[in-house]
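Here are a few notes to read alongside the model. Take them one at a time, and keep the structure open as you go.

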Amino acid sequence: MNLAKNRRLVKAIGILSVVLFLLVFSSIFFTYTVFNGQLKEQLIDTNTELLGQVKHKLDLTLNHIDKSAIQLLKHEDVVRFFDYELNEQQSRNNQIRISNLMSNAIQSMDYIFTIDLYSYDKERLYSGNILTETDLSGDFQWVTQFERYDGFFEWITTRKVMINRSKYPVYRNVVTLVRTYPLIHSPGSRKGAITINIKEDSLFGLIENKVEADEGQTFIVDGDGVVVLHPDKRKLGKDISEFSYIRHLLNDSADSGHFIDEVDQTTSSVFYVDDIYTGWHIVRVVPESQFSRPLILFRNGLAALAVVLFVVATSSAAVIGRWTFKPVNRFMHSMRSRLTDSPKHAARKYTDEFQYFESTVQEILDDRQQLHRQVVESKPLIKWRLMSELMSGRVKSRTVLQPYLEMLSISLYSDRYVVMSVEFDNKGQIDSPRDLRLYAYALCNVAEELMNAESAGIASELDNGKCAIVMCFDDGEDRERHFMRAVAVADLMKEFVQEYLGRTITIGIGDPVEELAELRHAYKQSLEALSYKLVMGGNSIITREDITGDSSPQFYKLFGMTDGIVASVKLPDAEKTRVQVGKWFEAIAEQGVPPEMIMQLVVQCLMKAATSAAEIGVDTEGVFPEQSLVDMLNQYERLEQLEQFTVSALERLVVRIKEKRSSREKNDVIDKAMRYIQEHYMRNDLSLNLLASEFHISISHLSKLFKEQKECNFIDYVIEVRMGHAKRRLEGTEDKIRDIAEQVGYSNVNSFVRIFKKMTGLTPTEYRERNKA
C-alpha cells in the first residue's frame, strides 16, 4: 500500500513538474517573441539614423565645396579666362589673379587638394599649359570624358593623381567634382570646366567609425558599384558590384533600407542610404554577431530566467516528499555543470546551485537595466535635434514630426503655437558649463510640466544654456487669449527658477503662429525680444508689444532723430549728446506724444545706442539697471525725469566708449590704407586682398585693424567713400549715371544704384533732381 502511495505521489509530482515546465517556458517564449522584435527594430532604427547623420555631414561638406566652385566660376577673372581673348600680358596677369583665387579657396577649406580650370575653346588650362596625350590619359582624363557628359556637374569616384613627376612618383587619392562653364547652357555650348580635387582621407574622416569596439564598416560606392570611400584603401576605385549585397542595394529603388547577406564570408546586416545629390550609396556593414549581440544577451537572459523559475517551482514541489530531493539535486547539479562551462561563470565559486542561479538572474537584470538606460539617455539628443529642426523651419509637415513625438511621448496640437526663448541671467557667475546645462535641463522639465498642465508643448536647450520652448493650443480661443496663457506660463517658470534654483531668467516671446513652417519666424521674434534684455534688464518677460514701435509717421519722425544722438554717443561727445537729447525731448513735448509712445521711443533709443556700442567692442553690461526697464520708466511722472534718466544712461555709454578707445593701439598702417582708398577708390578691384598685398600684411590682421581703429569694416568704409564722391559728381556734373558708377569703382550700374539707394534712400536720379530743386 505504501508502495502504491509512493507511486501515486511520484506520478503526481511528475505531472505537476511537467505543467510547471510548460507554463514557465511558454511564458518566457511569448515574452521573448514580443520583446525580441521590438529590440531588433530599435537596433535597425539606430543604425539607419547613424547613416542618416553621416549622409547629412557629407552633404553639408560637398555642398559647401560645390558652392565654392560656383562662386569661382562667377568671378570676373575666371569669366575673363573663358570668354575673352587676352594678349600675353593680360593673360599672365589674369593667371596670377586666378592662382590667388585658387590658393585662397584651398586654404579656406582643408578638404580641397587642388583646383583646375580648363577651356575647351582654347584647349588649355588656366595656367596656359596645353595638355599632352599622357596628361589626357592620366590625371586629366576627365577633360575628354566630361566634354561629352550631358549634365552640368559630375562627381568622379576616387582616383590617384600624381603629386610629383620624379623617378619615383608619389600619388594621392582624391574625389573629384567637375562643374561646367557656363553654369547653365544649351547642348554644345560648353566652354570649359572647373575641377576640385578633394582629399579622400579628409572625406573619409566624415564617415569613419570612431568607436573601437565597433566591428562594422562604413563605406561609399557610386551608382555603378565602384568604391568611393573605404577603410581598406586597396579597394578605392575598384568595382565591387559583383558581390551580391552590392547588387542588392544597387537594384533596390528605395532611398534607404536594411537586409542580411554574406559579406566576406560572414553573415552581416547591411544598412544603406542613397545620396541623391552625388548619386552615391552610403553603406554600413555590421557582422551579425555584433548586431545580434544584444538580442542574444536578451534571449540567454530569458532562458536563464526560465531555468531559475522552473528549478524553484520543482524544488517547491519536491518538499511534498523528502525522497524526491535527491533527483532534484541531481538535476540541479547537472544543470550547473553544463552552464558553468562558460569562462565567465567558471572562475566564480558558489556554495550551492541557488546562489549560482541568483547571480545569473542578477546579471540578466543589470544588463537589461543598462540597455534601458542607454535608450533613455538618447532621448535628450533626439529632442534637441527635433527642436533644432523645428526652429530652423526644416520640418513643415506633422507627418514627418509624428514618429519623433511618439518616441519622446510628446503631444503637439496643430491649431496654434507660441514660441519662447529663455536665457539665464548672469551666466558668467555660474560655476561651470555643466552646471549651466543642468539648470537648463531642469528648466525645460519644469516648462513642459507647466505647459502640459495648461495645454501642451515641448522645451529643449539649444545652445549655451539658451532654451527654446514651443507651447501649442487646440481650443477655439483667439490669438490674444492664447498669448496671455503663454505669458502666464512664462511667469510661473520665472518664479520657479528664482525660488528653487536661486537664479533669474529672461524670457522673450514671439507672436502666435498657426503653421509649423512659421515657427522659424516666431523663434526669430522671440530671440529679437530676448535681445532687448540689454536695455530692459534681466529677470523679465519681454514680448513683441514691449519692443515694437508705433507705426505712425510721428513715431518714425521722432525715432529718426535718434540717429544724431547715437552718432554723438559714438564720437564720443557727452555734451553734444546731452544737447541732442534735450532737443529730442523738446520735440516730444511740443508734439504732445502719448506716454506709451514715449516709453517705446526711449527703449528703442537706448537699444539702438547699446547695439552700436556693442558693435565696436564696448562691454555694455551694467550700463542699464538690472530691474525691468519698462517698470523703471513707469515710475517717472514728469518728462524731465525721463530726460535725465536717458541722458545718464547714454553718458555711461560715452564713458565706456572713451575708455575703449583710449586703450587702443595707434597703427599707421590704417592711415596709409585710408590714403590708398581715397586715391584709388575708382578701381573696381579694390579689396582687402589688394590692400593686404600692397602693404605686406595678412588679410585677417588688416580687417581686425580696420574694425579696431575705424569702428567699421573695410567694405562699409569703401562704400562710404565711393558714395561721397558719387554725390559730389551728381551735384556738380551732368555725367550719365553709368559713367559716374564707373568713375567711383562700380562696373555694374545696377549694383551702384542699389547701394546708393540703400545708403541715401533715393536713387541717383532722384538725388540729382532733389539737389537741383
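1. Two strands pair if DSSP finds at least two bridges between them. Helices (H or I, at least four residues) and strands (E, at least two) are DSSP runs, numbered from the N terminus. With that in hand, you can follow β3 and strand β4 (residues 171-181), which pair in the antiparallel sense over 8 bridges. Within this pairing, R159 stands opposite V174 in β4.

2. A word on what you are looking at. This is a predicted model, in which local features need pLDDT of at least 70, side-chain atom pairs count only at pLDDT 80 or more, and totals for chains, interfaces and linings use all residues. Residues are numbered from 1 along each chain as its sequence is written, and side-chain values use heavy atoms, with hydrogens and water left out.

3. Now the whole chain. It has 32 helices and 15 strands. Of its 773 residues, 43% count as buried (under 20% relative accessible area; exposed is over 50%, partly exposed in between, with a 1.4 Å probe and protein chains only). Contact means heavy atoms within 4.5 Å. Among the contacts in the chain with a separation of 6 or more, 63% come from residues 24 or more positions apart.

4. Next, the sheet. In what order do the 5 strands of the open sheet lie? The order is β2-β1-β5-β4-β3, with antiparallel pairing. β2 (124-125) and β3 (153-162) are at the edges with a single partner strand each, so one side of each has no neighbour in the sheet.

5. β1 runs antiparallel to β5, and 7 bridges join the two; L117, for instance, stands opposite I194 in β5. β1 is also joined to β2 by 2 bridges, again antiparallel, and R124 in β2 is the bridge partner of S119. β1 and β2 form a hairpin with 4 residues between them, and E123 in the turn has a positive phi of about 55°.

6. Two helices lie across this sheet. Axes are lines fitted to C-alpha atoms, for helices over the stretch in contact, and angles run from 0 to 180 degrees between N-to-C directions. Helix α2 (residues 76-83) lies across β1 (112-119), β2, β4 and β5 (192-199), at about 40° to β1. Helix α6 (residues 200-207) lies across β3, β4 and β5, at about 60° to β5.

7. How do α2 and α3 meet? The axes of α2 and helix α3 (residues 88-108) come within 9 Å and cross at roughly 130°. The contact is made by D77, V78, R80 and F81 of α2 and N94, R97, I98 and L101 of α3. By class, this contact has 4 nonpolar, 1 polar and 3 charged residues (Ala, Val, Leu, Ile, Met, Phe, Trp, Tyr, Cys and Pro count as nonpolar, Asp, Glu, Lys and Arg as charged, and the others, Gly among them, as polar).

8. Finally, visit S455. Is S455 buried or exposed? At 11% relative accessibility, S455 counts as buried. You will find S455 in the loop between α15 (433-454) and β12 (456-463). Leaving aside neighbours within four places in sequence, S455 is in contact with Y413, M471, C472, F473 and R485. S455 and D474 are 19 residues apart in sequence and 7.9 Å apart in space, C-alpha to C-alpha.
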